[in-house]
Protein chains: 4
Amino acid sequence: MASASWILSLSCPDRPGIVHAVSGLLARHEGNITESQQFGDPDTGLFFMRVEFSSSADRATLEGAILEVLAPFDMTWTLDVAGRRMRTVVMVSKAAHCVNDLLFRERAGTLPIDIAAVVGNHETLRPLAEFYGKPFHHIPVTADTKPQAEAQVLALVESLDVELVVLARYMQILSPELSTALHGRAINIHHSFLPSFKGARPYFQAHDRGVKLIGATAHYVTADLDEGPIIEQDVDRVDHTATPETLTALGADVERRALARAVRWHAEHRVLLDGHRTIVFS
Amino acid sequence: MASASWILSLSCPDRPGIVHAVSGLLARHEGNITESQQFGDPDTGLFFMRVEFSSSADRATLEGAILEVLAPFDMTWTLDVAGRRMRTVVMVSKAAHCVNDLLFRERAGTLPIDIAAVVGNHETLRPLAEFYGKPFHHIPVTADTKPQAEAQVLALVESLDVELVVLARYMQILSPELSTALHGRAINIHHSFLPSFKGARPYFQAHDRGVKLIGATAHYVTADLDEGPIIEQDVDRVDHTATPETLTALGADVERRALARAVRWHAEHRVLLDGHRTIVFS
Amino acid sequence: MASASWILSLSCPDRPGIVHAVSGLLARHEGNITESQQFGDPDTGLFFMRVEFSSSADRATLEGAILEVLAPFDMTWTLDVAGRRMRTVVMVSKAAHCVNDLLFRERAGTLPIDIAAVVGNHETLRPLAEFYGKPFHHIPVTADTKPQAEAQVLALVESLDVELVVLARYMQILSPELSTALHGRAINIHHSFLPSFKGARPYFQAHDRGVKLIGATAHYVTADLDEGPIIEQDVDRVDHTATPETLTALGADVERRALARAVRWHAEHRVLLDGHRTIVFS
Amino acid sequence: MASASWILSLSCPDRPGIVHAVSGLLARHEGNITESQQFGDPDTGLFFMRVEFSSSADRATLEGAILEVLAPFDMTWTLDVAGRRMRTVVMVSKAAHCVNDLLFRERAGTLPIDIAAVVGNHETLRPLAEFYGKPFHHIPVTADTKPQAEAQVLALVESLDVELVVLARYMQILSPELSTALHGRAINIHHSFLPSFKGARPYFQAHDRGVKLIGATAHYVTADLDEGPIIEQDVDRVDHTATPETLTALGADVERRALARAVRWHAEHRVLLDGHRTIVFS
């Protein structure tokens, strides 16, 4: 039987023998490890592992072996074919820079996602989505309709068997209920600064404060707005000639860059939740 | 007479004719511009200019011409010989990384400062200062003795004709009085994160939050702690394997790097105050 | 009359009085300088200046004044309305990453160019160009037809009144004749490494050599292939897990980033030729 | 018995079962893995592993188990106590920036090396070495005395039981014989550019070419000058105002930064040789 390449990612309470148990089950199925990383977090007492391996065993066989061998370890795990494209919904508002980047990278084959739909609370980005052959769902949101709108989103996510929801400058705060329903599979991107700014028009505040770096943070969505586990951060230099508009434009570049990395790492099962932190086996 | 290289830095309320007035007085004294930058800030209505030029005129002649020509513009200006080393005091506590970097760069000739003294609230760094041939002044600070200690510092700054005070991880908050006395000529360095953290043990907070970047901000000291005009910021990448101790060590690298740049730009008259922002003609 | 914002960029043999002459003509036309930079290169003996200013004078008046005042300085200069979009042709082959970025940025309003046409030696990128509303010209090139193909390109450039030609991974070497015809108005992007590699399949060579950084260089096209004046360079980190394919994908990100900056700076008249170097007033 | 923290690094021809064998021997000695990485290189057919683990077993027990269990794998391995400082000799000429950085980091406790001696072909850096309490050996080198000088160096390295030799801007080319004798345990730092330059005065060539980035490469010393396996690379931005002297000063910063990282990773057994490449488990 032909050999395939697999990714196994897992976490569990730390104790001796985990790697040995995993490597043993791989060895018994002719698994050859091509890349692997492990980390034990002394603070949370959790152990994390990601292993890419080739094996001619089929999924059922591997899953059976995992269930049997790893049961004692109280483990959270995923097994996936390496390179499989993760079913994704991208949620947008009017700003195109992040979703354009994701659509382009999917088509270029450099981001292992399969964007099943684009959801917008405005119609603005329908042409872009449709150029890339993606269904565009217009789901407007007002204070009154938010519960129904979120129900629509969740129904779509479930009907499309979606594994990842990317908030690509969606500009809407998800309710705690939807955040919880999408726990660990929704990624948001937002601007970040040193120092950070609260409130509206952050690039105007950054300009007013005269910052020399502007940044962006990609993080998992939680009910605690903009405070979810950080996956990736990036910055770019700016100087005194930058206007708030220039800062916004440069910030858009940083945002799309940090988001694309976070999505790629998530889709490659490189990101594992460690309490309110992440382990990123990049 | 031999030609020397000069730096003229200035700011004033914006209006037409400033550059023409400056370039006219330079032209009349055979000044040849080698590097220059100008910027008008539409928010504050201020205009900023830095010009390096060669001229065989002496200082008195140039200053006289500046006073005469630029009087109508309500200008703040400095005229300096390019490359002259700025008289500097470095204030330290126990951490050596920033002061070691400044002392090394001064000796290597890559930082145009002349460190006239190192002031420490502990004796820890005396040997390092003395290895570089610098007088070390031990001025301890307690809650009770702070006013006297600051008076000593200020007396030292004045007696040594000091133009720049660098707080190189001094770890003491200057009083509003001393901050005011050193307005525009004291530079501090502190850690910075996205998001930022308030309170004690910031690298522990950063670790707890799982940040992927750690940073540092060099800024002018004002009575508003850690909120003075930003001169320079920098960051470095970290990952989940970093402990609070590792973050602290990596942070030290970022701190010394941002501080050295800020000090160099200040010493080269490249930094001009624009309200609570800075113009940096780097 | 309403005030407009202008950009004047110039270079000439260095001598005293240039800035004074320029600022004088601005002052006489109520020009208010908002941003300006000057630099004198001691190696080439050339002086460079870029000034943004507001003035209510019209173009004819300003141009007349420039011609009159600046004649003695043997000056090369351009006068442009700030923010005017530069007429551009983008040349492509099959790789989409650079042209997609340029088209997106033009539409987003963050790159002051007006892409008048996309030229491809393959049909591959026609749909992308047409999605952005751009005429796509398929001009195939073989060893035999190269002179005719280049004549077609040049005719197109002239008929469309094109100011800038961007080789966005065009993968064809321009003849010395076409390079000369497009002197100073054609920008190319190519991969760059430390150390550099000659010959085919550079990302494979980079992988074989185990580089830790991959880079890209945007430069003006000259008859000396890949050796034209450098406008911008950038790099990204890679590690041992990167395959040649991964390196190529990461390299594409660096390429589009460096190219976008170079194009923006050129379109804003921030890049001036200084022999085989560039002055970039970024 | 108290538990200690260990590092096991190894490489061998790739085949199934390696990780299982290693994790098995760790499990049998109560080893708890805290951080680990594995990589199989499809090009060279080699497998690489680094594992940090805690265990109460003593060195003899662990080494015996490793010899027994890993014998069939034709493995190259090292076992070390985590955090143990590696015995190091630093070789210098007149430039202080790299050795100053290494000495400072050793003292600060952020670099796990124990500098046993500094060797200089000039006396220039004796005071710096002695300030840090290090023996300084002046071993001059001329064309005639090079064989004897290298013999002295090698004798010193052997008598001091040195594990790592750092060429910190030593400015002398090691003979093929000495390069071979120090194979895999000598690290050099040199400037790097895009494009690269051959021959003398590289920063002057870089200036002449108008590069926008300057870089440095830390690599293992081989008989093939400046072409040894790359451990780390870094760059910094420069612009047209930089003189060759400025480039040299900025280059010094990049050099010391890249060198310090390479030395730390080597001393932590994070760097494994993979033919003429390196695997860096950073």
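Start by selecting chain A and chain B: four salt bridges are counted between them, a salt bridge being a side-chain nitrogen of Lys or Arg within 4 Å of a carboxyl oxygen of Asp or Glu. This is a predicted model, in which local features need pLDDT of at least 70 and side-chain atom pairs count only at pLDDT 80 or more, while totals for chains, interfaces and linings use all residues. Residues are numbered from 1 along each chain as its sequence is written, chains are lettered from A and ligands numbered from 1 in the order in which they are written, and side-chain values use heavy atoms, with hydrogens and water left out.

**Stop 1: chain A against chain B**

Zoom in on A:Arg209 and B:Glu227. These two form a salt bridge, with the closest N and O atoms 3.2 Å apart.

Now show polar contacts across the interface of chain A and chain B; there are 20 residue pairs, both residues at pLDDT 80 or more. A polar contact is a pair of N or O atoms within 3.5 Å; within protein, one must be able to donate a hydrogen and the other to accept it, and residues adjacent in sequence count only if both atoms are side-chain atoms.

Colour chain A by secondary structure.

The area buried between chain A and chain B is about 2900 Å², and carbon and sulfur atoms give 50% of it. Buried area is the accessible area (1.4 Å probe) that two parts lose on being put together, summed over both. In chain A, the residues that lose the most area to chain B are A:Leu194, A:Arg209 and A:His240, together 24% of what that side buries.

**Stop 2**

The same surface serves both, as 100% of the contact residues of chain A recur in chain B.

**Stop 2: two domains of chain A**

Hide the other chains and colour domain 1 (4-81) and domain 2 (86-280) of chain A separately; the bounds come from an automatic or database domain assignment. Their C-alpha centres lie 30 Å apart. At the boundary, 17 residues of domain 1 of chain A are in contact with eight residues of domain 2 of chain A. About 960 Å² is buried between these domains, 49% of it from carbon and sulfur atoms. Select A:Phe48, A:Arg50 and A:Asp80, which supply 41% of the area that domain 1 of chain A buries against domain 2 of chain A, more than any other three residues.

End at A:Asp43 and A:Arg277, whose side chains meet in a salt bridge (3.4 Å, N to O).

Notes. Contact means heavy atoms within 4.5 Å.
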